[in-house]
Structure formats: C-alpha cells, structure tokens
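Colleague: I am new to reading protein models, and I would like to go through one with you feature by feature. Could you give me the general idea each time, and then the case at hand?

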Amino acid sequence: MSEILSKISEAIIEGNAEDMAELTHDALDDGLSAQDVLDKGLMTGMDHVGVEFKAGNMFVPEVLRSARAMQTAMEILRPILVKAGARPTGKVLLGTVKGDLHDIGKNLVGIMCEGAGFEVKDIGKDIAPEGFIAAIKEFNPDVVGLSALLTTTMRVMGHTIKALEEAGLRDKVKVIVGGAPVTQAFADQIHADGYAPNAAAAAELARKLVGAA
Ligand code: B1M
C-alpha cells in the first residue's frame with residue numbers, strides 16, 4: 001500500500017478527523033483515484049476498527065471518532081465518486097424504528113453502506129411506519145434498513161414491514177434488519193429479506209441483495 005493510503009488508514013483507526021481533509025486532498029493530488037482512497041485507505045482502516053470493536057479492544061467513543069474521520073473524508077470524496085459514477089451500487093434508506101432513540105449503530109451502518117458505494121438516506125430515529133412509507137415514496141430506495149436496540153421496539157420492525165405490505169411497497173424494496181437484540185430467526189419471523197449482525201455485514205448484505213456482490 002502507498003504511504004499516503006497507510007496514513008489515511010491509520011488516521012481512521014486513530015479517529016484523527018483533524019488531519020483527514022489534508023490527507024485526502026494529498027492522496028488525490030498524488031493522482032490516486034477517489035475509489036482507491038475509499039477502498040484501500042478508508043475501508044482498510046474501518047475494517048480494522050470493526051475487528052477491534054468486535055474483539056472488545058475498541059470502545060464506542062473511539063468508534064465514533066473513527067466514524068467522524070471517515071465522514072470528513074467522505075465529504076471530499078462523495079461528489080467525485082458520484083460524478084465518476086463509481087460503483088452505482090444503489091440506494092439505501094435507513095432509520096431506527098418508532099420508540100427507539102438508539103442511533104449510533106444505525107449511523108455506522110450508514111457509513112459502511114456509503115463506503116460500499118450506496119447512496120444513503122438516513123431518516124433518523126424514532127421513525128413510525130408511516131415515516132418509512134413517506135420516505136420510500138420520496139427516495140425510491142433499493143434497500144430499507146431498520147434498526148432497533150430494545151427488545152420492546154424490535155416488534156415495531158414487524159409492524160413496519162406489515163405497513164409496507166399494506167401500502168403496496170413491500171415488493172419494491174428489500175428490507176434488512178439489525179441491532180443488538182435482533183437475530184436471524186427474528187428476521188425470518190417478521191419476513192425481512194435479511195439480517196446483519198454488524199455494520200460491515202449490513203453493507204455486504206445490501207450489496208448482495210442488489211446483486212452487486
Ligand atoms: Co440504551 N439500552 N437505553 N441508551 N443503550 C441498551 C441498548 C441496553 C442493552 C443497556 C442495558 O440495559 N444493558 C438496554 C436495552 C435492554 C433491552 O431492551 N434488552 C438499554 C435501555 C434499557 C435503554 C433505556 C430504556 C434506558 C432508560 O431510559 N431506562 C433508554 C431507551 C430510550 C429509547 O430508545 N426509547 C435508553 C437510552 C439510551 C441513550 C439515549 C442514553 C443512549 C443512546 C444514544 C444514541 O444512540 N444516540 C443509550 C446507549 C448508548 C446504550 C448502550 C450503552 C450502547 C448502544 C450503542 O450505541 N452501542 C446499550 C448497551 C450496549 O449495547 N452495550 C444500551 C454501540 C453500537 C455501535 O452498537 O447499536 O448494537 P449497536 O449497533 C451495532 C449492531 O447492533 C448492528 O451494527 C452496529 C455496529 O456494528 N446494527 C445493525 C445496529 N443497527 C443495525 C441495522 C442493520 C444491521 C446491523 O441493518 C439495517
């Protein structure tokens with residue numbers, strides 16, 4: 001890997017948002033493509049963060065710092081990637097379901113999906129089924145991601161999928177679900193198209209569902 005890509009990857013792992021804009025511009029000035037900066041710099045760093053977080057060696061504040069550093073670079077790369085038509089993977093709509101205010105994991109899913117080439121619309125937390133329906137009609141996503149962190153709000157994922165059926169939208173989108181209490185068995189029970197245990201797996205699953213992986 002080139003020195004500048006290693007520095008970018010390290011800055012992600014260290015959560016160094018301060019130097020990220022300069023590093024990203026340096027890489028582009030060196031002639032690297034935005035896609036290479038994303039795949040070989042940012043994603044390499046984020047993959048490492050994902051592994052360390054899962055192993056219990058990194059904690060939420062550190063992961064959030066890494067996520068911020070990623071966002072700083074993505075603000076520079078996003079317009080270039082869009083202009084270049086790089087990996088037009090598809091569109092992902094994301095939200096945490098009604099009654100649930102946890103959004104840190106959902107935000108990570110959004111970043112990983114962006115990194116995987118999706119256009120992402122994040123409609124926030126505490127989103128009622130009608131909120132998802134309105135956003136689907138407006139944004140026309142390929143994949144809808146529902147997040148829930150509470151055993152009490154998990155069931156709202158099922159209500160949301162039912163509401164999509166009733167609104168005649170269920171066949172137009174793939175629905176994926178995730179969050180700490182959610183399991184594959186639960187996803188099957190509520191007729192979701194897929195379940196992912198973490199943000200990287202969610203992006204990978206979304207790519208699979210749109211036929212990009
Ligand atoms: Co709350 N909380 N919380 N909380 N909170 C939990 C979830 C809890 C397990 C803590 C505990 O008791 N041990 C517990 C839930 C118990 C249960 O239902 N079984 C709990 C509770 C009870 C509550 C309140 C009810 C507390 C109270 O008021 N009495 C309350 C509920 C508020 C509400 O939502 N209505 C509450 C409030 C809060 C805060 C607001 C203070 C804060 C949230 C801040 C925020 O999100 N902006 C908070 C926090 C931070 C937590 C813990 C400590 C951390 C959650 C987190 O961000 N983890 C949590 C305990 C814990 O998990 N250790 C806890 C880091 C994040 C990166 O992981 O969100 O799991 P996570 O996301 C992962 C995966 O789950 C997955 O990918 C992510 C990254 O790999 N994933 C998806 C998530 N969404 C996905 C979607 C996908 C695919 C994968 O596809 C679409």
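Colleague: Let me begin with accessibility: is lysine 125 buried, partly exposed or exposed?

Modeller: Please keep in mind throughout that this is a predicted model. A residue is called buried under 20% relative accessible area and exposed over 50%, with partly exposed in between. Lysine 125 has a relative accessible area of 39%, so it is partly exposed.

Colleague: Which residue does the side chain of lysine 125 meet in a salt bridge?

Modeller: For a salt bridge one looks for a side-chain nitrogen of Lys or Arg within 4 Å of a carboxyl oxygen of Asp or Glu. Here the partner of lysine 125 is aspartate 103, with 3.7 Å from N to O. Because aspartate 103 lies in the loop between β1 and α5, and lysine 125 in the loop between β2 and α6, the pair ties together parts that are 22 residues apart in sequence. Aspartate 103 is itself partly exposed, at a relative accessible area of 21%.

Colleague: How many salt bridges are there by this rule, and what does another one look like?

Modeller: The count comes to 6 salt bridges, and one of them joins the side chains of lysine 106 and aspartate 122 at 2.9 Å, N to O. This pair also links distant parts of the chain, since lysine 106 is in helix α5 and aspartate 122 is in strand β2, 16 residues apart. Lysine 106 is buried, with 3% relative accessibility, whereas aspartate 122 is partly exposed at 35%.

Colleague: Why are lysine 7 and glutamate 3 separated by about one helical turn?

Modeller: They are 4 residues apart in helix α1, which covers residues 3–14, and therefore about one helical turn lies between them. Glutamate 3 counts as exposed at 60% relative accessibility, while lysine 7 is partly exposed at 39%.

Colleague: Turning to the ligand, which protein residue is the donor of its cobalt atom?

Modeller: When reading a metal site, one lists the N, O and S atoms within 2.8 Å of the metal, remembering that water is not among the atoms, so that a site may look incomplete. For this cobalt atom the only protein donor is His102, through NE2 at 2.2 Å. Histidine 102 is found in the loop between β1 (90–96) and α5 (104–115). Aspartate 100 lies in that loop between β1 and α5 as well, and aspartate 100 is buried, with a relative accessible area of 0%.

Colleague: Finally, which residues make the nonpolar surface patch of about 230 Å²?

Modeller: The patch is made by Phe53, Val60 and Ile104. Isoleucine 104 lies in helix α5 and is partly exposed, with a relative accessible area of 40%.

Notes. Residues numbered from 1 in each chain as written. Predicted model: local features only at pLDDT ≥ 70, side-chain atom pairs only at ≥ 80, totals over all residues. Heavy atoms only, no water. Donors = N, O, S within 2.8 Å, 3.2 Å for Na, K, Ca; no water. Helix = DSSP H or I, 4+ residues; strand = E, 2+ residues; numbered from the N terminus. Patch = residues over 30% accessible without salt bridge, like charges linked within 9 Å, V, L, I, M, F, W, Y side chains within 5 Å. Areas by Shrake-Rupley, 256 points an atom, 1.4 Å probe, with all protein chains shown as cover. Buried < 20%, exposed > 50% of the residue type's maximum accessible area, 1.4 Å probe, protein only.
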